[in-house]
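Please keep the sequence and the model in view while reading.

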Amino acid sequence: MLAASLPIDDWQFWVATLIFVGAAWYLVREVLPTPLRRRKGKSRRVSLTVGGKAVR
């Protein structure tokens, strides 16, 4: 069995497992698009001015 071959009573196994799970979570979060992630604010249009006069 797989569970018999894993050293579940070793603290190093759990530290390595937590590091792996954290890294996998970070990679999945960055790669996959999520609709729940907040978007940055809307961009604002500004007018270009040269010498105090608007340029069109």
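Trp14 belongs to helix H2, which covers residues 11–31.

On the surface, Trp14 takes part in a nonpolar patch together with Leu6 and Ile8. The accessible area of Leu6, Ile8 and Trp14 together is about 300 Å².

## An aromatic pair

How many aromatic pairs does the count give? The count comes to one aromatic pair, and its members are Phe13 and Trp14. A pair of aromatic rings is described by the distance of the centres and the angle of the planes. For Phe13 and Trp14, the centres are 5.0 Å apart and the planes stand at 75 degrees. The arrangement is edge-to-face, because the angle of 75 degrees is over the cut-off of 60.

## A salt bridge

Side chains of opposite charge can pair when their charged atoms come close. Across the whole structure, the search finds one salt bridge. This salt bridge joins the side chains of Arg29 and Glu30, with a distance of 3.5 Å from N to O.

Are the two partners buried, exposed or partly exposed? Arg29 has a relative accessibility of 33% and therefore counts as partly exposed. Glu30 has a relative accessibility of 42%, so Glu30 also counts as partly exposed.

## The protein as a whole

Two helices and two strands are present in the protein. Along the sequence, their pattern reads α-α-β-β.

The protein has 56 residues, of which buried residues make up 2%. It exposes about 6300 Å², and 64% of this area is supplied by carbon and sulfur atoms.

## Confidence of the prediction

The protein has a mean pLDDT of 82, with 79% of its residues at 70 or more. Which elements have the lowest and the highest mean pLDDT? The lowest mean, 76, is that of helix H1 (residues 2–5), whereas H2 has the highest, 93. Where pLDDT is low, the predicted coordinates should not be read in detail.

How values were computed: Residues are numbered from 1 along each chain as its sequence is written. This is a predicted model: local features need pLDDT of at least 70, side-chain atom pairs count only at pLDDT 80 or more; totals for chains, interfaces and linings use all residues. Side-chain values use heavy atoms; hydrogens and water are left out. Patches are made of residues with over 30% relative accessible area and no salt bridge: like charges are joined within 9 Å, nonpolar side chains (Val, Leu, Ile, Met, Phe, Trp, Tyr) within 5 Å. Accessible areas come from the Shrake-Rupley method with a 1.4 Å probe; for residues, only the protein chains shown count as cover. A salt bridge is a side-chain nitrogen of Lys or Arg within 4 Å of a carboxyl oxygen of Asp or Glu. Helices (H or I, at least four residues) and strands (E, at least two) are DSSP runs, numbered from the N terminus. Rings of Phe, Tyr and Trp (its six-membered ring) pair if their centres lie within 6.5 Å; planes under 30 degrees apart count as stacked, over 60 as edge-to-face and the rest as tilted. Buried means under 20% relative accessible area, exposed over 50%, partly exposed in between (1.4 Å probe, protein chains only). pLDDT is the predictor's confidence in each residue, from 0 to 100.
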